[in-house]
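Reader: I would like to learn how to read a few features of a model with care. Could we take them one by one?

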Amino acid sequence: MDIPLWRKIQKESFSKISEISDFLQLDESNNKKLLEKPSFRFLLPRRIAEKIPKNNLSCPLSKQFLPLKEELIKKQGFISDPTCDAIFQKEEKILHKYQGRLLLITTGACAMNCRFCFRQNFSYPQTKPIFERELAYIKQESSLHEVILSGGDPLSLSDETLQKILQALDAIDHIQIIRFHTRFPIGIPERITPSFLEILSRLKKQIIFVIHANHANEFDQDIFQALKSLRLHNVQMLMHTVLLKGINDDLTSLKNLFLTVSANGIFPYYLHQLDQVEGTTHFYTPIKKGLFLIDELRKILPGYATPRYVQEIPNAPYKTIL
Ligand code: SF4
């Protein structure tokens, strides 16, 4: 069987520190800042690497994806599972936290590994992508109206596997909405193939994509084109963002990001306070600063381009609006 183009592009991603260091022409002093053997694997699509200026570890993209020795800093309050995902695991691949919707953990794989990922220590199932028990759970939970395909990144799965999951969910009467949480199109927009769009177009239920992006520099015209093709297939497009120190914790970066995506038919949904997973102290922005930024944003952006600033508090019945 032919390997799809996006899989070939995925194979060209950087996964070795020495290779990205050479590619970015890092000098000795920058090389010394890198963590050679990070506990959370390094992975970066070539498209993103090409947007990073040479020998620059302080640009908003290198900071998000290159492992730095700062990840070794330990601090009280930064723990392995800050959102307590483990206690909401109802089946091997289900996290059921909130009423009416749940997360289907489709895979542990992503297109890129974000250094601040709150699920970087999650014990992802090592079993095959078979979801019989999970689909049975969803079928018998008639209070559910939405299933969120999460992970990892659901678009890491093949079209064949996604089609099976989507068709099964589409056939469940009480499920009205199927939501994807994905960052894949930011790194590998080629993943939005005509065959994937065809699979989506055959579904009866409303599809929502929530993409994850943190800085306007992540985007380019190929990405917007791929996201537009989803919109043209009746997919609602939203975006969530994590507030990250030195990356987007300033008014200009956030305003540019929210305006850029809104102008391309994608609406900012949530601005997340950082989930305090260990190894991410250098990304922490105080809530006081986040509140100031969101208040300033409200003054200069229309409501549809201003996300809600939220924090995930374990055992709260929904994301807490700050
Ligand atoms: S894409 Fe999402 S799930 Fe994957 S590493 Fe980044 S934050 Fe984590």
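**Cysteines, ligand shell and backbone**

Author: The structure holds zero disulfides, a disulfide being a pair of cysteine sulfur atoms within 2.5 Å. Cys84, for one, is in no disulfide, and the nearest cysteine sulfur, that of Cys117, is 16 Å away. This is a predicted model, in which local features need pLDDT of at least 70 and side-chain atom pairs count only at pLDDT 80 or more, while totals for chains, interfaces and linings use all residues. Residues are numbered from 1 along each chain as its sequence is written, and side-chain values use heavy atoms, with hydrogens and water left out.

Reader: Is Cys84 buried, partly exposed or exposed?

Author: Buried means under 20% relative accessible area, exposed over 50%, and partly exposed in between, with a 1.4 Å probe and protein chains only. Cys84 counts as partly exposed because its relative accessibility is 27%, and Cys110, at 23%, also counts as partly exposed.

Reader: Which residues are around the ligand?

Author: A residue is near a molecule if one of its heavy atoms lies within 4 Å of it. Around the ligand are Cys110, Met112, Asn113, Cys114, Cys117, Gly152, Arg183 and His212.

Reader: Where does Gly152 lie, and which residue does a cis peptide bond join to Gly152?

Author: Helices (H or I, at least four residues) and strands (E, at least two) are DSSP runs, numbered from the N terminus. Gly152 is in the loop between β4 (146-150) and α7 (159-170), and the cis peptide bond joins Gly151 to Gly152, with omega about 15°.
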